[in-house]
Amino acid sequence: MDIKDRLLMFVNALDIKRSEFANTIEVTSGNLSDWLNRKKTSKPSATAMARINERYGLNLNWLLTGKGGMFVLDSDGNLYGDGHKKNIEEMTGNNSVYKHKLNPFDSRVITLPIYGEIAAGTPMNGYDDAPSKYIEIPKAYLSDQENKYIALKVNGNSMSPKIMHGDVVVIKESIDIPSLNGKISACQTPEGVTLKKLQFDKEKKRVILKPLNPDFDVIIIEDFELETFRILGEMVFLFRVI
């Protein structure tokens, strides 16, 4: 794996259009295509790499050598509880981390309680009002009031490989189903709480909860079942213990 491979991996991890990425770092789409094309010798300049680092948090040491994490360390926080403290790394969300970028001069952090588990598979009742662990993240990640966010630990593999068993997801409160169409969301079904990609079928007035792992079943909430269905909110951040 070389710079081209790692840069392609990074762009794919951002889950945004390549034209948007190129525009943000002030290069042409043609420049970006050349960087990613194995038949071309073109590589990003030092200036371009600095812009990617500044605007998207790319770890340049990882890009050049493959060592360390994909994102810079100031995207990290801490997970602690039961007397232990571990480092965590922000992996991805619904692009929210890139909309609310950490100011390098703002070192303030906030502590969110982890209210139990959320199923990535068969819905389960893992939500708990008495948290035993907490996650500490940069305050600049949050776009509004802290009480709009909760953290839950993922239990299961229905959302792998993007979301793995043991990851911690941060959910921003939202109850508007149409606005969450196509987004990974925490949902309360009659069977329990689950994390799925939500799709709203406007014509049939039903909700489809899709796993990312094709080995798991799709959950369909018909219109007559919506009274017992509740949205907790959108997944805005995903943290993984490192």
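Visitor: What pLDDT does the chain average?

Guide: pLDDT is the predictor's confidence in each residue, from 0 to 100. The chain averages 79, and 78% of the residues score at least 70. This is a predicted model, where local features need pLDDT of at least 70, side-chain atom pairs count only at 80 or more, and totals for chains, interfaces and linings use all residues. Residues are numbered from 1 along each chain as its sequence is written, and side-chain values use heavy atoms, leaving out hydrogens and water.

Visitor: Where in the chain is confidence lowest, and where highest?

Guide: Helix H6 (residues 96-99) is lowest, with a mean of 42, and H3 is highest, at 94. Helices (H or I, at least four residues) and strands (E, at least two) are DSSP runs, numbered from the N terminus. Over residues 92-107 pLDDT stays under 50.

Visitor: At what angle do H1 and H3 pack?

Guide: Two packed helices are described by the angle between their axes and the distance between the axes. Axes are lines fitted to C-alpha atoms, for helices over the stretch in contact; angles run from 0 to 180 degrees between N-to-C directions. Here H1 (residues 3-14) and H3 (residues 29-36) pack at about 125°, with axes 8 Å apart. They are therefore oblique to each other (under 35 degrees is roughly parallel, over 145 roughly antiparallel, 65 to 115 roughly perpendicular, the rest oblique). Lys4, Leu7 and Leu8 of H1 meet Asp34, Trp35 and Leu36 of H3, contact meaning heavy atoms within 4.5 Å.

Visitor: Is Ser158 buried or exposed?

Guide: Buried, with a relative accessible area of 0% (buried is under 20%, exposed over 50%, partly exposed in between; 1.4 Å probe, protein chains only). Ser158 sits in the loop between strands E5 (149-155) and E6 (168-173).
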